[in-house]
Amino acid sequence: MSNKTAQAERLKQRFALYDTDNDGRIQRGDLEAEARRIVEAFGEKENSPKARALLDAYPKMWDYMMEEAGLDAGQSLTVEEFVRIADAQMLSQGQVGFSTVLRPSIRAMVDLCDVDGDGEVDPREFRKWLGAIGGDRIDADEAFRQVDTDNSGRLSVDELVAAVGKYHAGELDAPLLGV
C-alpha cells in the first residue's frame with residue numbers, strides 16, 4: 001500500500017471513530033462525545049481536572065482545524081472534507097502539523113492514564129489507554145515497542161505525538177487511532 005493510500009485509509013478510520021452518531025458526518029459534538037466515552041472508559045469523573053483537560057482538548061482541536069480551514073466550528077464535515085483538511089493541516093506539514101493539532105489532546109490522554117503521575121506512559125498504562133480507545137485487538141506490547149523510540153520503557157508526549165504522526169503518514173504500523 002502506498003503512503004498516500006495508507007494516509008487516506010487511516011484518516012478515514014479516524015473519521016469513523018469520531019463519527020459517534022454514525023451519520024456520515026462529523027461535527028464538534030462528535031468529538032465531545034468521543035472524549036466523554038474515553039473519560040468513561042478510564043472510570044474518571046467528568047468534573048475531575050484530568051477529565052476536564054481531555055473534554056476540553058477534543059473540541060478545541062476541532063475548533064482549531066475548522067478555523068484553519070476557514071470554516072465555522074458549527075459546521076459538519078463529510079469524510080472527504082475531513083481527509084482533505086487533515087491532510088492540509090497535519091500530513092502535509094509533517095511533525096509540526098501533528099504537534100500543533102494533536103499535542104493538547106495527547107497531553108490530556110497521557111495525564112488521564114498516567115496513574116503514577118510521572119508525566120509518561122508505562123506499558124500497563126498504555127494497555128489501559130488502548131482499552132479506553134477501543135484498541136483491544138491491538139498487540140499493546142508490540143505497539144509500545146514501536147512507539148518507545150528511546151527504549152526507556154516509558155512513552156513521552158513527544159514520542160506519542162511523533163508516533164501518531166508517523167502512523168497517519170503511513171510510516172508506522174502501530175495503530176494509534178485514539179487521538
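## Aromatic cluster

Phe15, Tyr18, Tyr58 and Phe82 are joined into a cluster by ring pairs. The model is a predicted one. Across the whole structure, a search finds five aromatic pairs.

In one of these pairs, the ring centres of Phe15 and Phe82 lie 5.9 Å apart with their planes at 50°, so the pair is tilted. Phe15 belongs to helix H1 (residues 3-18) and Phe82 to helix H4 (residues 79-89); the pair links distant parts of the chain, 67 residues apart. Phe15 has 6% relative accessibility and therefore counts as buried. Phe82, at 3% relative accessibility, also counts as buried.

## Phe126 and Phe144

For the rings of Phe126 and Phe144, the centres are 5.6 Å apart and the planes stand at 70°, so this pair is edge-to-face. Phe126 is in helix H6 (residues 123-132) and Phe144 in helix H7 (residues 140-147), so the pair ties together parts that are 18 residues apart in sequence. Both Phe126 and Phe144 are buried.

## Packing of H2 and H3

Helix H2 (residues 28-41) packs with helix H3 (residues 49-68) at an angle of about 155°, and their axes are 9 Å apart. Angles over 145 degrees count as roughly antiparallel, and H2 and H3 are therefore roughly antiparallel to each other. The crossing of H2 past H3 is right-handed.

On the H2 side, the contact is made by Arg28, Leu31, Glu32, Glu34, Ala35, Arg36, Ile38 and Val39. H3 contributes Ala51, Leu54, Leu55, Tyr58, Pro59, Met61, Trp62 and Asp63. Of the residues in this contact, eleven are nonpolar, five are charged and none is polar. Tyr58, one of the H3 contact residues, is also part of the aromatic cluster.

Terms used:
Residues numbered from 1 in each chain as written. Predicted model: local features only at pLDDT ≥ 70, side-chain atom pairs only at ≥ 80, totals over all residues. Heavy atoms only, no water. Axes fitted to C-alpha atoms, helices over the stretch in contact; angles between N-to-C directions. Helix = DSSP H or I, 4+ residues; strand = E, 2+ residues; numbered from the N terminus. Parallel < 35°, antiparallel > 145°, perpendicular 65-115°, else oblique. Left-handed = near helix turned anticlockwise from the far one by under 90°. Contact = heavy atoms within 4.5 Å. Nonpolar A, V, L, I, M, F, W, Y, C, P; charged D, E, K, R; others polar. Phe/Tyr/Trp six-rings, centres within 6.5 Å; stacked < 30°, edge-to-face > 60°. Buried < 20%, exposed > 50% of the residue type's maximum accessible area, 1.4 Å probe, protein only.
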